[in-house]
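Dear colleague,

I am handing over the structure below, and after it I set out what was found, so please keep it open while you read.

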Amino acid sequence: MTPKRLAKELVVLAALLLCGMGAKAADKERPPVPVARISLQKLGFPGASTNFVAAGASVLTVNFLDDEHLLVSYGMRGLVTRLAGDPATDEDREVAAQIIEIPSGKIVARTQWHLHDHGRYLWPIGHGRFMLRMGGSLSMLAPVANLHTDPFRRVEFPSRGLVLNSISASPDGGVLSVESQVPQQAAGVATWADVQAPQNGIVLDLYRMSGEGTAESPLSITSPHSVKSPHSMAFPIDEDGFLWTENTTRDPSNWTVSFHAFAPAGKKNPVVVGDLHSSCVPRILIASRSEYVALTCVGVDAHMKLMTYGFDGHENWEEPIDLDSSIAFAFAPGTGRFAMSRITTSISSAVNANGMPVEPTFRQEVRVYQTETGDMVLKATTTPALKTAENFDLSQDGKLAALVQNGDIAIYQLPAPSEKDRKAMQEVAKYAPPPGGNAELSLEGVVVREQPGETVAGSAPRVATPVAGAAPAAAAANSATKPAAAGPNTTQAADNAAQATRPVTTASMDAPTTPARKAPTLLLPGEKAEFKDKRQPQVQQ
């Protein structure tokens with residue numbers, strides 16, 4: 001072969017290699033293709049008001065029950081019947097709930113719920129179970145366990161009748177935490193300032209849950225434990241304990257993460273499971289019994305790092321992310337995966353025909369990661385972007401992801417964990433804390449400190465104070481095994497029962513009394529009015 005011909009063939013080979021690399025790169029950039037699409041319009045979804053979406057109302061929820069069924073709920077349109085005795089401030093609405101077969105989209109079961117506002121009303125609590133809020137009352141559902149009998153059977157749950165902040169379950173679904181907030185005023189509608197005021201008490205109720213929710217295995221709750229604090233208490237909770245993040249040094253950017261086991265008093269031995277560097281209070285979430293996810297800030301809150309750690313304190317990986325608004329997670333501990341939804345905002349310098357700035361656009365992106373390695377197995381966008389982030393979910397076994405896209409529910413088949421992933425999961429599982437044997441739930445001794453930059457009166461650390469539980473253990477277990485009665489007045493009856501039995505009221509939270517305000521005046525200090533208005537009581541100047 002002549003040198004000229006050899007050179008020519010080498011050039012051709014190089015071109016072929018480059019084309020192959022370019023094709024692989026193009027494959028990586030090509031958006032993933034769902035294995036099934038289920039039309040929301042065929043399910044009866046009437047669409048959502050842009051005003052409600054912009055306000056962050058709960059307009060649509062999509063959750064996996066198992067690999068073959070979804071639970072889909074949405075707000076309906078039409079006339080809504082007012083219930084007798086409802087407060088005039090209620091914003092009643094009807095919500096449709098459906099169990100959908102995958103991938104056919106067939107409606108297996110359907111019901112309607114009468115709600116009293118546009119806030120969040122449904123929370124997954126593990127193993128195909130859900131918590132439903134109707135006004136001030138709570139009830140549990142186990143649709144998949146009762147699929148062939150009564151899938152929407154409601155089981156009453158103890159409720160304080162307060163402003164509900166959040167509901168979350170441990171990765172194994174064995175521990176439930178319910179955070180409530182006491183409004184500043186005992187009557188009337190609480191304003192945003194009322195809800196955010198630091199003197200309003202936060203009450204956190206912890207429960208152990210068991211049972212599948214069937215007649216043979218009824219849902220039950222035991223060991224209620226309640227504490228109160230002046231601030232929100234974000235406890236990443238496992239069945240054996242919880243993670244606690246604290247800044248104990250003079251450097252406000254150094255944070256220590258420790259695991260506190262549920263154990264009898266005097267036998268607690270917190271274990272340090274990581275040290276973080278963050279300019280804001282880190283957000284910690286338990287991904288499995290041996291790993292957790294951390295969100296930290298770099299300089300400003302909008303520039304963050306997504307990181308995962310093992311309980312041995314070893315950082316697995318990190319990735320910088322930009323965050324403009326809400327962020328939400330869904331976990332599949334069995335396959336070592338989690339899904340993360342985040343919303344970013346794009347602001348344009350353009351103006352409309354009236355010379356006004358164009359409204360910003362929101363983009364919601366969902367990513368699915370391997371917790372141990374950081375490998376991304378899915379990257380997709382939902383439309384429209386919902387601040388509530390209830391428009392996506394990850395199946396419990398980590399094999400499927402569901403996202404709302406352009407009027408459809410898109411179902412994505414995710415690749416199975418590789419041999420490398422399985423070995424990594426086995427290795428990190430060695431650092432899981434020893435089983436606690438269903439020890440009594442307790443947050444005794446947890447100190448709630450003022451965070452950097454806060455101006456709350458008083459700088460001394462605050463101790464989370466035990467308060468009465470939402471219901472005694474025996475009564476709670478009994479109420480959790482009693483089905484809620486069906487009928488048009490079910491919601492009102494449940495609300496009245498919750499109001500009548502709640503053990504904590506606004507007065508019991510030691511809310512400070514507000515002194516009477518003086519009447520406005522234009523007089524200078526020391527001046528007295530020449531004439532007095534005898535129709536009004538006089539205020540001492």
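Please bear in mind that this is a predicted model. I begin with a hairpin formed by strand 6 and strand 7, which have 5 residues between them, and in its turn glycine 126 has a positive phi of about 95°.

On to the next hairpin: strand 7 and strand 8 have 2 residues between them, and here glycine 135 takes a positive phi near 65°. The two strands are antiparallel and share 5 bridges, with methionine 131 standing opposite methionine 140 in strand 8. Strand 7 is largely enclosed by the rest of the structure, because 5 of its 5 residues are buried; Phe130, Leu132 and Met134 cover one side, while Met131 and Arg133 lie on the other.

The second topic is the aromatic rings, of which the structure holds 14 pairs. In one of them, phenylalanine 157 and tyrosine 207 have ring centres 4.9 Å apart and planes at 70°, so the pair is edge-to-face. This pair links distant parts of the chain, since phenylalanine 157 belongs to strand 9 and tyrosine 207 to strand 12, 50 residues apart. Phenylalanine 157 is buried, at a relative accessible area of 6%, and tyrosine 207 is buried as well, at 1% relative accessibility.

Finally, Trp317, Phe329, Phe331, Phe338 and Tyr369 form one aromatic cluster.

With best wishes

Terms used: Residues are numbered from 1 along each chain as its sequence is written. This is a predicted model: local features need pLDDT of at least 70, side-chain atom pairs count only at pLDDT 80 or more; totals for chains, interfaces and linings use all residues. Side-chain values use heavy atoms; hydrogens and water are left out. Buried means under 20% relative accessible area, exposed over 50%, partly exposed in between (1.4 Å probe, protein chains only). Helices (H or I, at least four residues) and strands (E, at least two) are DSSP runs, numbered from the N terminus. Two strands pair if DSSP finds at least two bridges between them. Rings of Phe, Tyr and Trp (its six-membered ring) pair if their centres lie within 6.5 Å; planes under 30 degrees apart count as stacked, over 60 as edge-to-face and the rest as tilted.
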